Amino acid sequence: PRPLHRGVSGIRVSGNSNDFWDAEVKDNTEKEDLDRNHSSSQSFLSLRSPFRFFFQDNSPPKYGVTENGFTADPFGGGTPRSRHRLTMLFLKLSLVVIVILALTGSFWWTISISTSSRGHIFRGYRRLQEQLVSDLWDIGELSLGPSRLKEIEFCSEEFENYIPCFNVSESVALGYSDGNEYDRLCGHGSRKSCLVLPPVNYKIPLRWPTGKEVIWVANVKITGQEVFSSGSLTKRMMMLEEDQISFRSASLMFDGVEDYSHQIAEMIGLRNESNFIQAGVRTILDIGCGYGSFGAHLFSKQLLTMCIANYESSGSQVQLTLERGIPAMIGSFNSKQLPYPSLSFDMLHCARCGVDWDKKDGIFLIEADRVLKPGGYFVWTSPLTNVHTFLRDKEKQKRWNFVRDFAENLCWELISQQDETVVWKKTNKKSCYSSRKPGSFPPICSKGQDLESPYYRPLQNCIGGTSSRQWVPIEERAAWPFRSNLNKNELELYGLHSEELVVDTANYKTAVRNYWSLLSPLIFSDHPKRPGDEDPSPPYNMFRNVLDMNARYGGFNAALLEAGKSVWVMNVVPTTGPNYLPLVLDRGYIGVFHNWCEAFPTYPRTYDMVHADGLLSLETSQYRRCTMLDLLTEIDRLLRPEVLNQSYQLFKSGH
């Protein structure tokens with residue numbers, strides 16, 4: 001048969017007359033059905049007609065021809081086509097209503113925004129733009145790959161002990177004097193974009209505790225004259241061989257530091273230095289520490305010292321102390337406050353430390369009082385305190401009288417004096433300051449002056465820390481090691497719950513296990529073993545000096561100690577993040593406030609491990625003041641070099 005063709009009036013044309021008859025009969029039947037339903041359709045038409053003005057009606061006449069060749073009522077509710085049109089009608093109407101409501105709401109929101117809100121939105125938009133540009137810049141740097149690394153050159157040999165921000169000749173040229181030329185000075189051009197090379201004969205330090213007593217000469221900058229001229233209590237050392245320095249002595253004075261620390265304990269009223277813990281002493285700021293002998297001895301008593309001393313280009317106290325595995329950093333009392341919170345340490349110790357406490361109207365003593373906890377001890381050993389000396393020297397007697405009277409105005413109680421050593425105890429009651437004579441100097445700092453964590457701010461001539469939330473006498477704190485687990489009330493001071501500290505420590509316990517498992521195959525890659533045997537576990541004393549660049553609550557420190565690792569951790573709280581440094585110090589750890597866009601105040605090659613968990617995310621979330629290259633070159637400066645020695649490898653480690 002031939003194919004069908006569409007015709008007019010619903011009639012299909014074919015070659016068969018019967019087909020024509022069937023079509024005509026069917027058409028008449030459908031017309032009768034439409035006439036019967038016409039009256040029922042009028043009610044629906046009356047509902048649809050009010051909305052007809054929204055749309056152009058291109059439908060055929062009421063009983064016209066459809067596209068299929070049949071007559072149909074376009075408003076017939078019973079057909080699928082009419083239901084589809086009704087659905088589309090309501091969808092279009094709903095869309096119109098939504099658009100009108102949206103435009104109205106947007107209009108009222110726009111006119112309700114204040115000028116300050118607009119400025120905030122604009123600044124937020126600008127910040128997003130700047131962050132986008134910064135991220136694209138970093139992506140571009142990383143995409144260059146090895147070609148970009150070629151631009152990082154090695155520093156010349158004269159920069160083996162290079163420390164940005166400490167340049168005495170530059171400070172003198174800028175007019176600094178009277179000891180201020182040794183102060184930290186960070187500015188434009190203070191950082192060199194080069195990799196600091198180790199000395200030619202550099203050797204990895206001996207493992208703890210052997211390394212506490214013996215170091216390699218080539219690892220530090222010191223002259224033979226400086227070695228042989230040392231002989232004070234905290235600077236005693238001697239040359240064993242051509243390439244080693246020993247801090248032990250075969251003389252009868254070997255127990256000098258032990259006897260000295262025993263004397264201090266007795267002056268406080270304790271049986272010996274082992275009882276410092278029971279008296280509330282855990283952390284000690286050792287000012288002008290010599291070569292760290294005082295801290296090295298007390299470490300076995302579970303006491304933790306932080307050595308601070310001025311920058312020295314040769315024979316540095318800080319460099320040699322760190323090389324021995326004792327905590328140390330560059331710091332001074334010359335003109336700026338130390339980067340520690342108020343009420344940070346349980347004891348301050350100064351044994352011939354070189355600080356003239358009577359100078360500048362006692363402002364150095366004020367800073368010492370700021371970082372000393374309530375009930376803490378200030379120990380000063382100096383020829384100036386010797387009664388037999390200053391009785392013959394009126395000038396020394398005048399200086400001693402000033403320090404003694406000033407300490408009394410600070411509410412320090414002189415509890416003992418023997419030979420050249422004096423011990424004061426800071427008051428644990430704030431009422432002492434109000435009970436002083438009217439007009440007593442120094443005054444109490446105002447709230448604007450009494451910052452919790454100043455960052456190298458000029459020294460203040462007022463008593464700080466009195467408004468701090470950490471004003472808790474050391475006798476009322478839990479003894480170490482229970483002190484590391486702060487109780488509920490102590491955590492509430494920082495807005496934390498005990499669960500948060502538990503979770504933080506648990507996470508870092510897992511991290512420490514993972515770190516050590518990753519270190520095994522690297523350290524023992526050349527260690528012979530039988531097929532199927534596991535790598536031996538890295539030794540507990542593989543690392544000693546650890547730097548945590550983003551310490552938060554000190555969880556990494558806690559995890560390392562609980563795992564039995566023979567380490568100490570410098571907990572650094574970045575200035576760009578939340579300040580939990582007071583909490584870290586209250587847990588019995590040591591730490592410092594620092595801006596990582598500036599160089600850390602220490603010598604090159606002083607840390608075995610640098611931990612930087614979350615640091616890059618924290619820094620990149622802030623307005624970019626330094627590049628990722630600056631951070632990585634600084635980390636490289638701080639880490640000890642990769643040296644292969646016998647069966648293990650001490651390598652640069654970072655997370």
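**Before you start**

Residues are numbered from 1 along each chain as its sequence is written, and side-chain values use heavy atoms, with hydrogens and water left out. Because the model is predicted, local features need pLDDT of at least 70 and side-chain atom pairs count only at pLDDT 80 or more, while totals for chains, interfaces and linings use all residues.

**Stop 1: the whole chain**

Show the protein chain as a cartoon. It has 19 helices and 18 strands. Both are DSSP runs numbered from the N terminus: helices are H or I with at least four residues, strands are E with at least two. Of the 655 residues, 47% count as buried. Buried means under 20% relative accessible area, exposed means over 50%, and partly exposed lies in between (1.4 Å probe, protein chains only). Contact means heavy atoms within 4.5 Å. Among contacts between residues at least 6 apart in sequence, 69% join residues at least 24 apart.

**Stop 2: helix 12**

Select residues 394-409. This is helix 12, with 16 residues. From first C-alpha to last it reaches 23 Å, close to the 22 Å expected at 1.5 Å a residue. The expected span is 1.5 Å times one less than the number of residues.

Which residues of helix 12 are buried? They are Trp 400, Val 403, Phe 406 and Ala 407. These cover an arc of only 130° around the axis, which puts them on the same side of helix 12. The arc is that of the directions from the helix axis to the C-beta atoms. Now turn to the other side: Lys 394, Lys 398 and Glu 408 are exposed there.

Go to the start of the helix. A side-chain oxygen of Asp 393 comes to within 3.1 Å of the backbone nitrogen of Glu 395.

**Stop 3: Cys 411**

Follow the chain out of helix 12. Cys 411 sits in the loop between helix 12 and strand 11 (412-418). Its phi is near 65°, a positive value in a residue other than glycine. Is Cys 411 buried or exposed? Cys 411 is buried, with a relative accessible area of 6%.

**Stop 4: two aspartates**

Select Asp 358. It is in the loop between strand 9 (345-351) and helix 10. Asp 358 is buried, at 14% relative accessible area. Its side chain makes a polar contact with the side chain of Arg 399 (3.0 Å). A polar contact is a pair of N or O atoms within 3.5 Å; within protein, one must be able to donate a hydrogen and the other to accept it, and residues adjacent in sequence count only if both atoms are side-chain atoms. Not counting residues up to four places away in sequence, Asp 358 touches Arg 399, Phe 402 and Val 403.

Next, pick Asp 369, in helix 10. Asp 369 is buried, with a relative accessible area of 0%. Leaving aside neighbours within four places in sequence, its contacts include Leu 410, Trp 412, Lys 426 and Tyr 433.

**Stop 5: the nonpolar cores**

A nonpolar core is a set of buried Ala, Val, Leu, Ile, Met, Phe, Trp, Tyr and Cys residues joined through side-chain atoms within 4.5 Å. The largest has 70 residues. Select Leu 285, Tyr 340, Trp 357, Leu 547 and Met 570: these touch the most other members. Helix 10 (residues 363-371) gives the most to this core, with 6 residues. Domain 1 (149-197) and domain 2 (481-526 + 537-654) both give residues to the core, so it lies between them. Domain bounds come from an automatic or database domain assignment.

Zoom in on Leu 547. Setting aside neighbours within four places in sequence, its contacts include Met 570, Trp 596, Phe 600 and Leu 638. Apart from this core lies another, of 28 residues, among them Phe 276, Ala 279, Val 281 and Ala 351.

**Stop 6: two cis peptide bonds**

Select Phe 441 and Pro 442. The peptide bond from one to the other is cis, with omega near 5°. Then take Trp 480 and Pro 481, also joined by a cis bond; omega is about 10°. Pro 442 is in the loop between helix 13 (431-434) and helix 14 (488-492). Pro 481 is found in the loop between helix 13 and helix 14.

**Stop 7: Arg 552**

Last, select Arg 552, in the loop between strand 13 (545-548) and helix 16 (555-562). Phi of Arg 552 is positive, near 55°. Arg 552 is partly exposed, at 35% relative accessible area.
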